Amino acid sequence: MAIINKIKKLPKLQSFVDDSLQGNINTIHLKKIQSETESDLYIAKGANIHRYYIDDDMFYGLDNSVTKPLVANNKNAGAVIATQNITGTTDKFRIHATVVECKKTNFVFLDSVNILYLPNPRTACFVLACLNSKLLDWLFRKTSTDNHCNMYELLDLPMPSDGLSCNELYSCVTKLLELHSENHNVKIRLDMILYHLYGLTYDEVLVVDPETPITREQYESGEYQG
């Protein structure tokens with residue numbers, strides 16, 4: 001509780017986003033808008049959203065007036081993050097988030113997806129790093145008891161605003177987006193950066209992540225490079 005009370009004093013995610021919404025298509029209506037052939041419209045469900053990438057196993061949508069009003073795509077947004085709305089309480093990670101390239105591709109999101117509109121790509125990388133961090137995964141498990149990652153719960157998560165100016169954080173997230181999260185050392189480095197930004201001591205890090213490979217000396221000196 002001491003750690004939770006400590007980080008809960010930080011600004012909320014709500015203060016960093018321009019807008020947020022839940023995907024607006026119920027799965028039972030999927031067949032009505034699904035195309036049997038390739039089109040310029042992708043239909044994404046929660047299961048397509050992973051930590052730092054969205055997979056290619058999406059449906060194509062009918063590119064006509066029936067589906068256009070359902071496109072959850074804000075062309076004026078600086079950046080868009082999508083998260084899974086439903087995750088199991090026993091899953092390895094509760095929060096799954098990635099940047100969605102809506103500037104290049106038209107998407108329709110099912111209601112199993114949460115959507116965050118950010119003012120610019122740098123803010124999106126900062127928010128993405130926090131959402132996918134071990135620390136916020138730990139916090140979410142401690143404070144949420146159902147199998148939904150509800151929007152109101154996400155918007156209430158604490159974010160260390162100093163992270164917006166952290167070039168190393170931005171570099172790590174960019175690498176993970178390029179590599180679809182497949183770099184263990186970069187993820188460890190990013191978690192260490194975030195522990196520092198959230199103001200955790202090494203002993204508090206061990207409460208959150210008892211198996212951390214970072215030694216006290218590495219953490220307190222900030223010299224861990226992965």
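Trainee: In this predicted model, which residues of H7 are buried?

Mentor: The model is a predicted one, and H7 has 14 residues, reaching 20 Å from its first C-alpha to its last, close to the 20 Å expected at 1.5 Å a residue. Within this helix the buried residues are Val-186, Ile-188, Arg-189, Leu-190, Asp-191, Met-192, Ile-193, Leu-194 and Tyr-195.

Trainee: Which helices do the buried residues of H7 pack against?

Mentor: Among the buried residues of H7 are Ile-188 and Leu-194, and contact here is a matter of heavy atoms within 4.5 Å. The partners of the buried residues of H7 are H3, helix H4 (134-143), H6, helix H8 (202-208) and helix H9 (216-221).

Trainee: At the start of H7, which backbone nitrogen does a side-chain oxygen of Asn-183 reach?

Mentor: Moving along H7 to what follows the helix, one comes to Gly-199, which has a positive phi near 80°. At the start of H7, a side-chain oxygen of Asn-183 comes to within 3.3 Å of a backbone nitrogen, and that nitrogen belongs to Asn-185.

Trainee: Why can the buried residues of H6 be said to line one face of the helix?

Mentor: In H6 the buried residues are Leu-169, Cys-172, Val-173 and Leu-176. An α-helix has 3.6 residues a turn, so residues three or four places apart point the same way. When H6 is viewed down its axis, its buried residues line one face because they fall within an arc of 95°.

Trainee: Which exposed residues does H6 carry on the face turned away from its buried side?

Mentor: The buried residues of H6 pack against helix H3 (121-131) and H7. The face of H6 turned away from that buried side carries exposed residues, and these are Asn-167 and Glu-178.

Trainee: Is Tyr-52 buried or exposed?

Mentor: Tyr-52 is found in the loop between strand E4 (49-50) and strand E5 (53-54), and its phi is near 80°, a positive value in a residue other than glycine. A residue is called buried under 20% relative accessible area. Since Tyr-52 has a relative accessibility of 3%, Tyr-52 counts as buried.

Trainee: Which residues touch the most other members of the largest nonpolar core?

Mentor: The largest nonpolar core has 53 residues, and H3 gives the most to this core, with eight residues. Leaving aside neighbours within four places in sequence, Leu-131 is in contact with several residues, including Ile-81 and Met-159. The residues touching the most other members of the core are Ile-81, Leu-131 and Met-159.

Trainee: Why is strand E7 described as largely enclosed by the rest of the structure?

Mentor: Both faces of E7 are covered, with Ala-79, Ile-81 and Thr-83 buried on one side and Val-80, Ala-82 and Gln-84 buried on the other. Strand E7 (residues 79-84) is largely enclosed because its buried residues number six of the six.

Trainee: In E10, which residue is the bridge partner of Thr-83?

Mentor: E7 pairs with strand E8 (residues 97-100) in the antiparallel sense over four bridges, and there Val-80 stands opposite Val-100. E7 and strand E10 (residues 113-118) also run antiparallel, joined by six bridges. In E10, the bridge partner of Thr-83 is Asn-114.

Technical notes
Residues numbered from 1 in each chain as written. Predicted model: local features only at pLDDT ≥ 70, side-chain atom pairs only at ≥ 80, totals over all residues. Heavy atoms only, no water. Helix = DSSP H or I, 4+ residues; strand = E, 2+ residues; numbered from the N terminus. Buried < 20%, exposed > 50% of the residue type's maximum accessible area, 1.4 Å probe, protein only. Arc of directions from axis to C-beta. Expected span 1.5 Å × (residues − 1). Polar contact = N/O pair within 3.5 Å; in protein donor to acceptor, adjacent residues only side chain to side chain. Core = buried A, V, L, I, M, F, W, Y, C linked by side-chain atoms within 4.5 Å. Pairing = 2+ DSSP bridges.
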